[in-house]
Amino acid sequence: MWYWLFKYVFLGPVLWILGRPTVEGTENIPAEGGAILASNHQAVLDSFFLPLRVSRRITFLAKSEYFTGTGLKGAFQRWFFSVAGQVPIDRTGADAAQDALNAGLRVLSQGKLLGIYPEGTRSPDGRLYKGKTGLARLALESGVKVIPVAMIGTAKVNPIGSRLWRPAKVTVRIGEPIDFSRFEGMGGNRFVERAVTDEVMYKLMKLSGQEYVDIYAATLKKSTPTGPTAVPEAGLAPATDVTRMPDTRAS
């Protein structure tokens, strides 16, 4: 109940005013049954604008830190993400990857839509970063289709580090479902998993118009301002550390 109240009463109207969100490709969302919505990740609000424009309920895998806060703020945050249908995953333990996989498979086995961010974290500079192969493992083990989703403009509404939301145009672009049944029985093969993940990331690059950078966003975030992998003021990683897909703007 709370999911729909937030969507249509408490939070949704505010997002409509701020983002004036439009959606393209809703016909690519199945009317029923499990599917993976694989999205680029520009801002925290991605997890709110996407459900706003998709009629079916979406369950996201959320980092466990959202559920472990203390005090009044922690209690509210825990309640909010719980009633919103988010599933907590611990990303720090030795079994973090398997726990996330199991949680995702449970959601999909119930015929639900599972929203995930293959990059694993928000883009630090607006570019699209290398996807993690957990996406492929989920797709191959569950047998469901992967639907690429490009969130455009959310970073302008909710810039990284900002406390206040700002008015800006948001577009949700939903691509055609990708069927990976041709790889049936090949789950666990790291080459196949990388190929599956890269195919999804290529689709996301084409949908979003982002420049693709073949390193993990988390790796870039860990780089120090003075170290050899530092990000220059122009926002581009050093050429020695970056490989780009063909057909990107930087090629």
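**Close-up 1. The side chain of Gln 210 and its polar partners in the predicted model.** The side chains of Gln 210 and Ser 208 form a polar contact at 2.9 Å. The Gln 210 side chain also reaches Gly 126, where the backbone oxygen is 2.9 Å away. Gln 210 belongs to the loop that links helix H8 (190-208) to strand S9 (212-213). Is Gln 210 buried or exposed? Its relative accessible area is 7%, which is under 20%, so Gln 210 counts as buried.

**Close-up 2. Helix H6 and the residue after it.** Helix H6 spans residues 134-142, and its buried residues are Leu 135, Ala 136, Leu 138, Ala 139 and Leu 140. In an α-helix there are 3.6 residues a turn, so residues three or four places apart point the same way. Gly 143 follows H6 and has a positive phi, near 80°.

**Close-up 3. The largest nonpolar core.** This core has 31 residues, and those touching the most other members are Leu 37, Phe 49, Leu 50, Ile 58 and Val 149. Several elements supply at least two core residues each, including helix H1 (2-10), strand S2 (35-39), helix H4 (71-83) and strand S7 (146-152). Helix H3 gives the largest share, 4 residues.

**Close-up 4. Leu 50 and its contacts.** Which residues does Leu 50 contact, leaving aside neighbours within four places in sequence? They are Leu 37, Ile 58, Phe 60, Val 149, Met 151 and Val 172. Another core, of 30 residues, lies apart from the largest one; Ile 36, Ala 136, Phe 183 and Met 205 are among its members.

How values were computed: Residues numbered from 1 in each chain as written. Predicted model: local features only at pLDDT ≥ 70, side-chain atom pairs only at ≥ 80, totals over all residues. Heavy atoms only, no water. Buried < 20%, exposed > 50% of the residue type's maximum accessible area, 1.4 Å probe, protein only. Polar contact = N/O pair within 3.5 Å; in protein donor to acceptor, adjacent residues only side chain to side chain. Core = buried A, V, L, I, M, F, W, Y, C linked by side-chain atoms within 4.5 Å. Contact = heavy atoms within 4.5 Å.
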